[in-house]
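Thanks, everyone. Please have a look at the model on the screen before I start.

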Amino acid sequence: MARVVRGGIDLGGTKIETVVVDSRSQVLGSARRPTPTKGGPADVATAMVAALKDACQTAGFASDQLRGVGVGAPGIIDPQTGAVSTALNLPNWRDSYPLGERLAEAFGTEVRVGNDVQVATDGEFELGAGRPYRSVLGVFWGTGVGGGIVLDGKPWIGRGGGGEIGHTVVRMNGRRCPCGRRGCMEGYSGRAALEARARKLVEEGEKTDLFKLMQKHDRPRLTSSIWARALDQGDKLATALLDEAYEALGNGIASAVNLLDVEAVIIGGGLGIRFGQEGADRIASEMSPHLYHDLQPPDVLVAALGDVGGAVGAALLVRKTARR
Ligand SMILES: [Zn+2]
């Protein structure tokens, strides 16, 4: 009997990660393509199809053998139809676009679309660092800071907009967040906010090697690897900004734990994975003074599924399709 394989796609602002998994969610093949920065949703969908076809090739399957494709996407998602709107970090993606339908046509199978951060949290809960627990908080520290919640074994997204831990207020009337509000955790710790802050400080005359490193390594932005390099070199500005980022993460995550009392916090995302368990330990120590029940802190762990975690989690959306 032919093996039943599913596809998973994690649609990010900078890259599209894809996997092909078997019935036990083991990764058989994976591929990555950059997210188009020009054009519109149709161009992004075309790149997603190409990336998943690449993954099928590395896994040694034809793309028409996929029994279901799951997608984790940013923006506002209609889980019934797979339409996506207001994905503002993707090119010209404000209006609703029938992403699920387009991919279903391309692969000739059922496609389900979920929230990127929630599917990544579900993936960690079921297959990664969250396996020993019933209740976890996923914190995805990357360009922005996203959150996913699993309570007593079930994902919690509220009325569809839950998990926005990045917009927890850590300072009243504080710094402007990329969302436009003031004092959000993301405004002090998200990669985009850190970069904007670094630029502003350089304009004001402060010194840093961050932008030299960016040019030297031919990156269009201050990626997680550029931040890591600057830290390794002892760059003062980078160190100060990340100290502040850790402090903000400690404040915001501790507040969420005071409310939810989850057993574990799982740290993922580009920066989270880059700084690894050492970064997670630092977040735990920054949380510590703010935990009300400080004698029973949650475990704070780095995401175990790594860069493909979002795509593997997305593939869980179509487990039932594969069983048919
Ligand atoms: Zn915000």
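First, the ground rules. This is a predicted model, so local features need pLDDT of at least 70 and side-chain atom pairs count only at pLDDT 80 or more, while totals for chains, interfaces and linings use all residues. Residues are numbered from 1 along each chain as its sequence is written, and side-chain values use heavy atoms, with hydrogens and water left out.

Now the zinc ion. Which residues coordinate the zinc ion? His167 (ND1), Cys177 (SG), Cys179 (SG) and Cys184 (SG), at 2.0 to 2.4 Å. Donors here are N, O and S atoms within 2.8 Å of the metal (3.2 Å for Na, K and Ca); water is not among the atoms, so sites may look incomplete. The donor residues follow the spacing H-x9-C-x1-C-x4-C. The site is tetrahedral, with angles of 103 to 113° among the four donor atoms. For four donors, that term requires all angles to lie between 85 and 135 degrees. The ideal angle for four tetrahedral donors is 109.5 degrees. Cysteine 177 is buried, at 3% relative accessible area. Cysteine 179 is partly exposed, at 29%. Buried means under 20% relative accessible area, exposed over 50%, partly exposed in between (1.4 Å probe, protein chains only).

Next, arginine 6. This residue is in strand β1, residues 5-11. Strands (E, at least two residues) and helices (H or I, at least four) are DSSP runs, numbered from the N terminus. Arginine 6 is buried yet has no salt bridge. A salt bridge needs a side-chain nitrogen of Lys or Arg within 4 Å of a carboxyl oxygen of Asp or Glu. The nearest side chain of opposite charge is aspartate 22, 5.7 Å away. (Lys and Arg count as positive, Asp and Glu as negative; His and the chain ends are not counted.) What does the side chain of arginine 6 reach at 2.9 Å? The backbone oxygen of alanine 315.

Aspartate 22 does have a partner. Its side chain meets that of arginine 3 in a salt bridge (3.4 Å, N to O). Aspartate 22 lies in the loop between β2 (15-21) and β3 (27-34) and arginine 3 in the segment before β1, so the pair ties together parts 19 residues apart in sequence. Aspartate 22 is buried, at 7%.

One more pair. Arginine 32 and glutamate 17 form a salt bridge at 2.8 Å, N to O. Arginine 32 is in strand β3 and glutamate 17 in strand β2. Glutamate 17 is buried, at 4%, while arginine 32 is partly exposed, at 47%.

Definitions and conventions. Tetrahedral: all angles 85-135°; square planar, octahedral: opposite > 155°, others 65-115°. Lys, Arg positive; Asp, Glu negative; His and termini not counted. Polar contact = N/O pair within 3.5 Å; in protein donor to acceptor, adjacent residues only side chain to side chain.
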